[in-house]
Amino acid sequence: MFATLSDRLTSTFKNLRSRGRLSEADIDATVREIRRALLDADVAVPVVREFAAAVRERALSVEVSGALNPAQQVVKIVNEELVAILGGEGQRGLALAKNPPTVIMLAGLQGAGKTTLAGKLALHLKEKGHTPLLVAADLQRPNAVTQLKVVGERAGAPVYAPHSGVAGEDEVPTGDPVAVARAGVETARSREHDVVIIDTAGRLGVDAELMAQARDIRDATQPDEVLFVIDAMIGQDAVATANAFAEGVDFTGVVLSKLDGDARGGAALSVARVTGRPILFASTGEKLTDFEAFHPDRMASRILD
Ligand code: GDP
């Protein structure tokens, strides 16, 4: 991901490097190129506008003195502004509850990568010494419970699911996802799992019923984190989708999935700024180990490399 954006920005800076002192016209031409590259990468229009204005303003006031030449200073400014739109310095980790279990709820469109993420998170937490329980509250898709059991097995984490429960004991007598989620958290508490990860249903598009159900699950389980999972390849739809979930379930953090894809990735560059919520993790493949903490500065350096 970002290969094209990265190439475009690099060649813009190369043109700049052949010049010495930068005129206002040089800076305007450069900012124009950057703006086009970002728009072509599907970055949301308001984010591009804000980014370009910030770079222009700072580039115009660059001093000639100092260790960096003017072109290098512009690159530094672009880097800093990229870090800012990706969420800024000092990323936080998962918020863990003082009184376990920590409840983590996953929300997002169908196919965004929630179920896969549940397995990835479980593995990540197990490696840190936690004892996660997965809860199958996606009762919409016929295959979702089975799929969660598969990832749970791969991660070595038990799955609480309707009509089966942990180790076949905890029969949940209802197909109501809110009841399943609530019972899952209770099971975690009684069995001393210190983290519960609740997988929820996603639809193909944002709809009111889906949002109401996600909100009911949230209200019933009082999560410490509501993670909004977004497919980094969804392009310009990203902003509307992210805003709908921000309003609908008031998520606390974002997970970008499918960052390994070859799409343009503008969603990844827009969602933190548009929603004001931090990106906590990135998913980079189908394997449970294709998962990393998200660092805005590392992502910015990767784009500008
Ligand atoms: P859900 O509907 O939100 O639960 O999404 P799933 O977890 O079922 O994922 C949908 C599809 O995307 C599955 O085929 C996953 O294997 C795939 N997938 C999930 N995360 C990633 C990722 O980071 N990279 C790639 N390439 N595929 C992923």
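Analyst: The largest share of the lining of the largest pocket, four residues, is contributed by H5, where helices (H or I, at least four residues) and strands (E, at least two) are DSSP runs numbered from the N terminus. This is a predicted model, in which local features need pLDDT of at least 70 and side-chain atom pairs count only at pLDDT 80 or more, while totals for chains, interfaces and linings use all residues. Residues are numbered from 1 along each chain as its sequence is written, and side-chain values use heavy atoms, leaving out hydrogens and water.

User: How should I read a pocket, and which residues lie nearest the centre of the largest pocket?

Analyst: Rolling a probe the size of a water molecule over the atoms shows where empty space is left. On a 1 Å grid over the protein atoms alone, a pocket is an open set of points where a 1.4 Å probe fits, with protein on both sides within 12 Å along at least five of seven lines, and lining residues have an atom within 4 Å of a point. Here 20 residues line the largest pocket, with Gly111, Ala112, Gly113, Thr116 and Lys258 nearest its centre. Helix H5 (114-127) and strand E4 (195-200) are the elements that give two or more residues to this lining.

User: What is the volume of the largest pocket, and how do its lining residues divide?

Analyst: The volume of the largest pocket is about 400 Å³, counted as the space filled by probe spheres set on grid points joined across faces, edges and corners. Its lining has two nonpolar, ten polar and eight charged residues, where Ala, Val, Leu, Ile, Met, Phe, Trp, Tyr, Cys and Pro count as nonpolar, Asp, Glu, Lys and Arg as charged, and the others, Gly among them, as polar.

User: Which residues lie nearest the centre of the second largest pocket?

Analyst: Of the 14 residues that line the second largest pocket, Gly93, Leu94, His124, Lys128 and Phe281 are nearest its centre. H5 and strand E7 (279-283) are the elements that each supply two or more residues to this lining, which divides into seven nonpolar, five polar and two charged residues.
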